[in-house]
Amino acid sequence: MPPPGGLRLVEAIEPGPLRIRGTAIRAGPSRNWRLYLAEELRRAAESLEGKPIYLEHVSADRAVGKVVRAWWDDEEAAVKFEAEIYDEDVAEKIRRGLIRHVSIAADYDVLEPFDGVVPYGLSFRELSLVAVPGVPEAN
């Protein structure tokens, strides 16, 4: 029976997305023979905002979240990020420490060869939750 006044107050507490924060990429060499320069990463940092988060760089149907903020950190020489994870199974794996690393995907204008390659004109395409990152400090 409804309380006096005829209305019943129902509070539905819907869990929100898991917010995560970390290092998307740090200046220096990667395991896949790319040398990421600080100036190139600084210039590209904000292009990571709004990009999707995938599992292991897979396809759009495997999107589990979104980057909501990205910025360059001079002290760490790294692109930092904040993101929301909407997939509860993935969020739980992050909470339990089973998923701990990220990896970027980016477009570039030029790859300059050296003992590997240096990408210039970077623009981030996505961020992925991965088992083994190209840059070990990406987490």
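**Exercise 1.** Is glutamate 84 buried or exposed, and what is its relative accessible area?

*Solution.* Keep in mind that we're working with a predicted model.
- Start with location: glutamate 84 sits in strand S6.
- Next, take the relative accessible area, which is 15% for glutamate 84.
- The cut-off for buried is under 20%, so glutamate 84 counts as buried, at 15%.

**Exercise 2.** Find the polar partners of the glutamate 84 side chain.

*Solution.* 
- Another goes to the side chain of tyrosine 86, at 2.7 Å.
- Now list what glutamate 84 touches, skipping residues up to four places away in sequence: Arg19 turns up here too, along with Pro17, Leu18, Val64, Gly65, Lys66 and Val68.

**Exercise 3.** Work out how the open sheet is put together.

*Solution.* 
- Write down the strand order for the 6 strands: S1-S6-S5-S4-S10-S7, with mixed pairing.
- Look at the ends: S1 (18-26) and S7 (101-107) are the edge strands, each pairing on one side only.
- Check the twist, which averages 35 degrees from one strand to the next.
- Zoom in on one pair: S4 (residues 52-55) and S5 (residues 65-73) run antiparallel over 2 bridges, and proline 52 faces lysine 66 in S5.

**Exercise 4.** Where is aspartate 115 found?

*Solution.* 
- Aspartate 115 is in the loop between strands S8 (110-114) and S9 (116-120).
- With a relative accessible area of 58%, aspartate 115 is exposed.
- Its C-alpha lies 9.1 Å from that of leucine 35, 80 residues apart along the chain.

Notes: Residues numbered from 1 in each chain as written. Predicted model: local features only at pLDDT ≥ 70, side-chain atom pairs only at ≥ 80, totals over all residues. Heavy atoms only, no water. Helix = DSSP H or I, 4+ residues; strand = E, 2+ residues; numbered from the N terminus. Buried < 20%, exposed > 50% of the residue type's maximum accessible area, 1.4 Å probe, protein only. Pairing = 2+ DSSP bridges. Axes fitted to C-alpha atoms, helices over the stretch in contact; angles between N-to-C directions. Polar contact = N/O pair within 3.5 Å; in protein donor to acceptor, adjacent residues only side chain to side chain. Contact = heavy atoms within 4.5 Å.
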